[in-house]
Every structure is written in C-alpha cells, then in structure tokens.
Amino acid sequence: MELQPPFRKIIHVDMDAFYASVEQLDNPDLRGKPVAVGGSEIRGVVSAASYEARKFGVRSAMSGVLAKQKCPQIIFVRPRFSRYKEISSKIREIFYDYTDLVEPLSLDEAYLDVTENKKGNPSASMIASEIRERIWTELSLRASAGISINKFIAKVASDINKPNGQKTINPEEVLPFLEELPVSKFYGVGKVTAAKMHNLGIFKGSDLKQKSIEELAQLFGKSGAHYYHIVRGIHTSKVKPNRVRKSIAAERTFNQNISSEVFMIERLEKIAIELERRMQKSNTQGKTITLKIKYSDFTQQTRSKTVQHFMQSKAAFFPLVKELLYQEKLSNSVRLLGISFSNLDTEKKTPVFVQLKFDF
C-alpha cells in the first residue's frame with residue numbers, strides 16, 4: 001500500500017526547553033547551569049528543566065525533592081508565564097510571516113501548514129530551517145522542527161534531532177519510517193498503552209500493522225481505528241488556525257546597552273521601518289502605538305498612545321514614537337527597544353485549505 005498524493009506540507013515547531021531557556025536568556029547567571037522552573041527542594045513539581053538539568057535525569061512533572069536528589073546543584077526558578085506568553089507571541093509572529101495556517105498546541109509548540117506559503121518557497125524543510133534561524137537570531141532561543149505530510153508524523157519527527165535540530169520525513173519515507181518506529185514513540189501512545197502493546201507482542205509499527213482494524217478496536221476501543229490508520233501514514237486532521245491577530249511588533253536587543261536618547265532614535269528608526277514592512281505585509285492598520293523599553297537591569301516599561309485614525313506608515317506613527325520616548329526620563333541604560341501596533345483593523349478570515357504536491 002502506497003500513500004497517494006496530493007500531500008500536504010506540515011511543520012511542527014517545538015521550542016527547546018522553552019521555560020528554562022527563557023529564564024537563562026533573561027538571567028545570564030543561569031546560563032550553562034541546571035535550572036528547574038517551578039518546584040523547590042522542599043515541595044512542588046518541576047514545570048520545565050534545562051538541558052543541563054536533564055543530563056541528571058530531571059524531567060517535567062517530577063517533584064522538586066526528587067529533582068534535588070538527582071541534581072544537588074539544581075537551581076529552582078519561579079515560573080513567569082506572562083513572560084513566556086510574551087515570547088510565544090513573538091515566535092508566532094515569525095510563523096505568520098510564512099503562513100496564516102498556524103495551530104498553536106501550547107506556548108512552546110505549533111503546527112504550520114506551508115503547502116502554500118507567503119514566501120512561495122516549495123521546500124518545507126527550507127522554511128523550517130529559516131524559521132528556526134530567525135527564532136535564534138531575533139529571540140536568542142533554540143527550536144526543533146519536524147516536517148512531513150501530516151500533523152502526526154511531523155510531531156513525531158520533531159523529537160528525533162532535538163535539541164536544535166530538524167527532521168524531514170519525505171512522502172516516500174513515511175511508511176518505512178512508521179514500520180520501524182517503536183510504538184512508544186508514536187505520539188498519543190502513553191506508557192500504559194505502550195506496555196499493553198508490548199504484552200501483546202506489538203513493539204514497533206510493523207507489528208502494529210499486522211493487526212486488523214477490528215482487532216485493534218477490540219483491544220483499544222475507539223483509539224484502535226486511530227492506531228490502524230496512523231501506522232499506515234493516514235492522518236487527515238487539518239491545521240486549525242485559531243488566531244485573531246491583536247498586535248504586530250518589531251523590536252531589537254542590543255549587544256551593548258544604550259544611554260543616549262539620540263542613539264535610541266537611530267535604533268528606533270530601523271525598528272519602525274521593519275514594523276511598517278510587517279504592517280504592509282499583513283495589510284493591517286492600527287490606532288494604538290506602544291513603545292517598549294527594557295533596561296539593563298531587566299526591568300521593563302511600556303508607553304502607549306491611541307489616536308482616532310488608523311495608521312500604517314512610518315511617517316504617520318514615528319512622531320508618536322519619539323513623543324513616547326521623550327515622555328519621561330529614562331531610569332537606566334537600555335538593552336532592548338520595541339514598537340508595536342494594537343487596536344488593529346483586523347477581521348476574521350476563513351482559511352482556505354489547498355492541497356498541492358511539492359518537493360520536500
């Protein structure tokens with residue numbers, strides 16, 4: 001049995017140790033050290049662990065007590081979900097530069113359908129690589145990706161070369177790949193189900209493929225039909241975008257802190273040009289302009305102004321940016337500046353799903 005085209009081109013992007021990586025990004029003292037977000041050595045549960053902590057066996061959902069036993073030098077950090085959401089929204093803005101068919105699964109992962117994409121790039125693998133490079137260049141965070149013909153296989157593939165890697169399963173590789181894949185690696189097969197399959201002599205996809213749909217339904221209920229189809233590369237779930245764009249932003253972090261407002265205006269000019277480009281690209285206008293300032297001590301400030309008319313061009317909104325900059329005295333040297341538009345004129349649009357066959 002061979003899979004028949006047309007094939008969709010799906011990317012699953014998964015951030016590497018996202019919460020812990022954000023904490024290490026914001027606090028240089030944590031970089032290269034074992035970090036656990038959440039929990040403590042006395043109580044609580046680990047929400048996320050850095051790769052340095054994972055080397056000692058520390059995992060998410062592990063008790064803080066056990067994490068401390070496995071890694072005595074571990075550093076516990078309180079989660080800052082508002083910060084994670086802020087970074088997540090920036091990551092999604094990068095996704096939307098390539099396609100509007102983005103289905104977030106959580107703050108740190110999403111599916112993208114790039115069968116047709118805004119770049120006109122026929123290679124989903126090249127798009128995934130470019131997205132990962134942009135996440136690193138613009139946000140200093142690492143991501144992994146899986147690329148294939150459907151969501152299920154893309155999700156499985158994104159785990160293969162983690163961290164900071166990607167894996168493409170081309171259409172002709174799908175069936176051989178699934179036949180050799182251990183059932184414990186199938187997305188949606190948990191420890192209990194995997195153990196049950198092992199007891200039945202089902203260890204990898206080729207074993208699962210020997211079972212009829214009736215047998216699998218009898219053994220696993222409603223999930224049986226799902227297992228029957230996915231091992232044959234059949235997974236018809238579409239990428240379901242649930243996005244209503246509420247803001248568009250551009251920002252830059254500087255290699256050296258800036259103290260002079262004259263230099264800040266120079267940097268803001270470049271940021272404004274990029275914001276104008278993004279507004280034009282998304283055919284969007286906004287009424288509220290916000291200036292974001294992050295100081296060298298990592299404190300953050302935003303200053304906003306709303307006007308009665310919609311704006312898009314730099315000529316229209318940049319005078320407001322300068323006004324916001326000079327609105328009050330800066331409290332410290334600055335490491336990051338950003339400009340964003342909100343109060344947009346966006347309308348909900350019904351996505352059109354198109355299936356075409358391209359080279360991966």
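**Note on the sheets and helix packing of a predicted model**

1. Alanine 36 stands opposite phenylalanine 76 in β4, and strand β2 (residues 35–37) is joined to β4 by three bridges in a parallel run. Strands here are DSSP E runs of at least two residues and helices are H or I runs of at least four, both numbered from the N terminus, and two strands pair if DSSP finds at least two bridges between them.

2. As to provenance, this is a predicted model, in which local features need pLDDT of at least 70 and side-chain atom pairs count only at pLDDT 80 or more, while totals for chains, interfaces and linings use all residues. Residues are numbered from 1 along each chain as its sequence is written, and side-chain values use heavy atoms, with hydrogens and water left out.

3. The sheet that holds β2 and β4 is open, with three strands in the order β3-β2-β4 and mixed pairing. Because β3 (48–49) and β4 (75–77) stand at the edges with a single partner strand each, one side of each is left without a neighbour in the sheet. Helix α1 (residues 18–26) packs on this sheet and touches β2, β3 and β4, its direction making about 115° with that of β2; contact means heavy atoms within 4.5 Å, and angles run from 0 to 180 degrees between N-to-C directions, the axes being lines fitted to C-alpha atoms, for helices over the stretch in contact.

4. A further open sheet has four strands in the order β9-β12-β10-β11, with antiparallel pairing. Here β9 (247–258) and β11 are the edge strands, each with a single partner, so one side of each lacks a neighbour in the sheet. The twist averages 15° from one strand to the next.

5. Within this sheet, strand β10 is joined antiparallel to strand β11 (residues 300–311) by eight bridges and to strand β12 (residues 334–344), again antiparallel, by nine bridges. Leucine 291 has arginine 303 as its bridge partner in β11 and isoleucine 339 as its bridge partner in β12. Two helices pack on the sheet: α4 touches β9, β10 and β11, its direction making about 120° with that of β10, and α13 touches β10, β11 and β12, its direction making about 145° with that of β11. β10 and β11 also form a hairpin with four residues between them, and phenylalanine 298 in the turn has a positive phi of about 75°.

6. The whole structure contains 23 salt bridges, each defined as a side-chain nitrogen of Lys or Arg within 4 Å of a carboxyl oxygen of Asp or Glu. One of them pairs glutamate 86 with lysine 292, the closest N and O atoms being 2.3 Å apart. This pair links distant parts of the chain, with glutamate 86 in helix α4 and lysine 292 in strand β10 (residues 286–295), 206 residues apart.

7. Helix α4 (residues 81–96) also meets helix α5 (residues 124–139), the axes coming within 10 Å and crossing at roughly 135°. The residues involved are Ile87, Lys90, Ile91, Ile94 and Phe95 in α4 and Ile131, Arg134, Ile135, Glu138 and Leu139 in α5.

8. Helix α12 (residues 261–281) packs against helix α13 (residues 314–325) at an angle of about 145°, with their axes 10 Å apart. Among the residues making this contact are Met264, Ile265 and Leu268 of α12 and Phe317, Phe318 and Val321 of α13.
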